[in-house]
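Please look over the sequence and the structure shown here before reading on. The report that follows is written for someone meeting this structure for the first time.

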Number of protein chains: 2
Amino acid sequence: MRPMPRRLSEIQIGSSPGQRRLSARSDHLTADAVAVDFSHGDVDAFPPHPAAEAAFVAALGEGGQAAYTQYRGNAGVRQRLAGRLAALTGAPVDPQHELIITPGTQGALFLALASLVEQGDPVGIIEPDYFANRRIVGFLGGRPVPVRLDLFGRSPAVLDTGTLRAALRAAGAHVLCLSNPNNPTGAVLPETTLAALAQTCAEDDVFVVMDQLYCRQLFTSAAFTHLRALPGMRARCVTLMGPSKTESLSGYRIGTAIGPGWLIDRMEAVLSITSLRAPGYSQRVLDTWLAEEPGWLADRVNAHRAVRDRIVGILSKLDGCQVTTPDAGSYLFVRLPELKTAAADFIGELADSEAVVVTPGSEFGRGFDDFFRINFSQDADAAVAAIERLVRLASERRAD
Amino acid sequence: MRPMPRRLSEIQIGSSPGQRRLSARSDHLTADAVAVDFSHGDVDAFPPHPAAEAAFVAALGEGGQAAYTQYRGNAGVRQRLAGRLAALTGAPVDPQHELIITPGTQGALFLALASLVEQGDPVGIIEPDYFANRRIVGFLGGRPVPVRLDLFGRSPAVLDTGTLRAALRAAGAHVLCLSNPNNPTGAVLPETTLAALAQTCAEDDVFVVMDQLYCRQLFTSAAFTHLRALPGMRARCVTLMGPSKTESLSGYRIGTAIGPGWLIDRMEAVLSITSLRAPGYSQRVLDTWLAEEPGWLADRVNAHRAVRDRIVGILSKLDGCQVTTPDAGSYLFVRLPELKTAAADFIGELADSEAVVVTPGSEFGRGFDDFFRINFSQDADAAVAAIERLVRLASERRAD
């Protein structure tokens, strides 16, 4: 065995979404109990738009033109997509220089950070936030500078920009990586927060990697502010988006990043050595994204809202459990009541005996060991029944 | 603009395959002249097996089970593929621990090196060889230790194992990365060379990253030796293979790596942060790979042999041009005669005025500035006409 390179020391994937396999179901479950893997969404419950398959098959018919693209992606797809992304985000997108098609939004995240973070660089990381942020910074030899969200206030999570600015300044950090809407809390950054963040970027020369994967799935009527649309921010941030979540297109492995030309050039260079390009035929599926017929998105958001509300209602009845209704996305970040067993053991028992997989809170930062995350993009009845099993088990295991 | 991380300094992609766009065709070309991009294969001339599309569409119908897989890939696909890979390579493959499905063979190469090479490590690199080898080592902060092939002997290229061993020893290198069949020369390592390499691995504790992308496309009757099948080598090498070349499935972005469990575990961890997994639906296309009906592969190899021989025949008539008939694969590595202009200028003129794109030899290592590589997996008549235009231009530009 060769010695393990240090860059791998932060990557533990045993508890990551999709990695824990559901075991054989426990004897005590009724015959109609459905196993639910809340670690990721169920694309059978919320299937892809049928136009996606049609676009893929059409691309196969095109042959080589679709299979081999520039590393940064199919020029025609970028040309057509740029206008829709500009309309969505509220700022122009130059399809040739400011846009790259990536292997999922995960790919965009890796490429952006690899193109920005030098060995030893401090990088602002939110806690809780998507677990890969910290892992990628570690892989690159960067130094995570954690900034903690306030949980369970009026909003699911609040980012205090004074705290953020002070932490970045103290560490000398010039790169910040965060998700908005936040993963795992579903909190949306208000415009005042983003305006303050933009001011920090300008005054302290901070560049932001902004993961907006869930920015279309909004449950509040408040407008969503895109950081890149604020004055001066097109040069100071890269915006990551893709159709893997709300649109259920994860199986095609496509995402996008919008950023300044110098950064997109670098990201393309990194992509050339990690996987050459996003899958050629899949890229054409982006022609169907942000192009759904009127009402499609609203229907999908409404259906998710209904599942969210049923699950929050059930969890709220569990004494000592903390959960706040998310403003966006498909995640609930839930604090367990005090249990007789460690939360990790509870989560293991839940999977093994109740056929319910959740993601441990420890994935999302330090100090969240008694939390779990669920992705509620599921069949509503199966999800509700699974959460009822979770609540019953938690009640049984509660500390006296 | 943020400072460029040092890891990007080695990645120049302007001359990489598919990156140079064909310009508007020159006025002097006849109306029936066809532009040919020799930087990669033409999947319209050699289309994918129709079973590939059927497998993909069937996977779409399966929904979530196909879309979300373990990061290392669909368990069923790995189970079914392992036996065929074992038969091909001549050594057992444990589908659970020794096999990972990757985003193309390019992805496998990145994941393997990222899992083996520590900052500052010396890594044996062959010259000429696939350009990404050197770039990835540079990205990882490793130190390439070049080992030169002898070109244009009886074989297209010869690896002297004494030279190799001395170079690795002198540098203290314990990782070696190379392709077999070699890219760009199409040389196949003979069994004696591989046996000597295996001995070096055992005696000097060397681990080999062996890129065998073209190992099915063999033009000689000599048996192809898989390094992993030699005694003790299953623990000392990772074998990279995929269906992107001979099988024309590049547009699906799927590849595989076979290696010891500790390495596959690491590669999966890296994959979790670079792009999560190979595209879920595409993974099912691997069910059609190494499973083609009898005769399919022989037909494809014979068709490539015919193109190869026509092109080598034309190039051989160009005074001062050096080329050796390759034993395998789709590449020709050609040394230009002495020209009045720099080879880079000739290659640019060739693209701009003759609508013929080739890959500059400088991509493949130091000292190959007067070489170019072509991928002859092309429509035969279009390729022959394009090479005739190349030969005519080279004759016109030849030094007096």
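Two residues are said to be in contact when their C-beta atoms, placed from the backbone, lie within 7 Å. By that criterion, and counting the contacts in chain A with a separation of 6 or more, 74% are accounted for by residues 24 or more positions apart. The model described here is a predicted one, and every value below should be read with that in mind.

**Chain A as a whole**

Chain A holds twelve helices and 14 strands. The radius of gyration of chain A is 21 Å, close to the 21 Å that the globule rule gives for 400 residues, so chain A is as compact as a globular protein of that length. Taken along the principal axes, the box filled by the C-alpha atoms of chain A is roughly 60 × 55 × 55 Å. Of the 400 residues in chain A, 56% are buried.

**Where the two chains meet**

How many residues of chain B are in contact with chain A? The contact involves 59 residues of chain B and 59 residues of chain A. On the side of chain B that touches chain A, at least two residues each are supplied by helix H1 (50–62), helix H2 (64–67), helix H4 (104–116), helix H5 (131–139), helix H8 (261–274) and helix H9 (280–283) of chain B. Of these, H8(B) gives the largest share of that side, eight residues. Sorted by class, the residues of the side of chain B that touches chain A comprise 30 nonpolar, 19 polar and ten charged.

**Two helix pairs**

Two packed helices are described by the angle between their axes and the distance between the axes. The table gives these values for one pair in each chain.

| Helix pair | Angle | Distance between axes |
|---|---|---|
| H6 (residues 161–171) and H7 (residues 191–204) of chain B | about 20° | 10 Å |
| H11 (residues 343–354) and H12 (residues 380–396) of chain A | about 130° | 11 Å |

In chain B, helices H6 and H7 pack at an angle of about 20°, which makes H6(B) roughly parallel to H7(B). The crossing in which H6(B) passes H7(B) is right-handed. On the side of H6(B), the contact is made by B:Thr161, B:Arg165, B:Leu168 and B:Arg169, while H7(B) contributes B:Thr193, B:Ala196, B:Leu197, B:Thr200 and B:Asp204. The residues of this contact between H6(B) and H7(B) are evenly divided by class, with three nonpolar, three polar and three charged.

Helix H6 of chain B also contains B:Ala170. Is B:Ala170 buried or exposed? With 10 C-beta neighbours inside 10 Å, B:Ala170 counts as exposed, because a residue is exposed if 12 or fewer other C-beta atoms lie within that distance of its own. From C-alpha to C-alpha, B:Ala170 and B:Val145 are 9.5 Å apart in space, and in sequence they are 25 residues apart.

In chain A, helices H11 and H12 pack at an angle of about 130°, which makes H11(A) oblique to H12(A). Here too the crossing is described as right-handed, with H11(A) passing H12(A). The residues that make the contact are A:Phe346, A:Glu349, A:Leu350 and A:Glu354 of H11(A), together with A:Arg389, A:Leu390, A:Leu393 and A:Ala394 of H12(A). By class, the contact of H11(A) with H12(A) has five nonpolar and three charged residues, and no polar ones.

**Backbone details in the loops**

Two cis peptide bonds can be pointed out, one in each chain. In chain A, the peptide bond from A:Asn183 to A:Pro184 is cis, with omega near 25°, and A:Pro184 is found in the loop between strand E7 (175–179) and helix H7 (191–204) of that chain. In chain B, the bond joining B:Glu127 and B:Pro128 is cis with omega about 0°, and B:Pro128 has its place in the loop between strand E3 (122–127) and H5 of chain B.

Positive phi values in residues other than glycine form another topic. Phi of A:Ser248 is near 60°, and this residue sits in the loop between strand E9 (237–241) and strand E10 (255–258) of chain A. A:Ser248 counts as buried, with 24 C-beta neighbours inside 10 Å. A:Leu276, which is not a glycine, has a positive phi of about 70°, and A:Leu276 belongs to the loop between helix H8 (261–274) and helix H9 (280–283) of chain A. With 27 C-beta neighbours inside 10 Å, A:Leu276 likewise counts as buried.

Technical notes
Residues numbered from 1 in each chain as written. Chains lettered and ligands numbered in written order. Predicted model: local features only at pLDDT ≥ 70, side-chain atom pairs only at ≥ 80, totals over all residues. Axes fitted to C-alpha atoms, helices over the stretch in contact; angles between N-to-C directions. Helix = DSSP H or I, 4+ residues; strand = E, 2+ residues; numbered from the N terminus. Parallel < 35°, antiparallel > 145°, perpendicular 65-115°, else oblique. Left-handed = near helix turned anticlockwise from the far one by under 90°. Nonpolar A, V, L, I, M, F, W, Y, C, P; charged D, E, K, R; others polar. Rg over C-alpha atoms; globule rule 2.2 N^0.38 Å. Buried ≥ 20, exposed ≤ 12 C-beta atoms within 10 Å, placed from the backbone.
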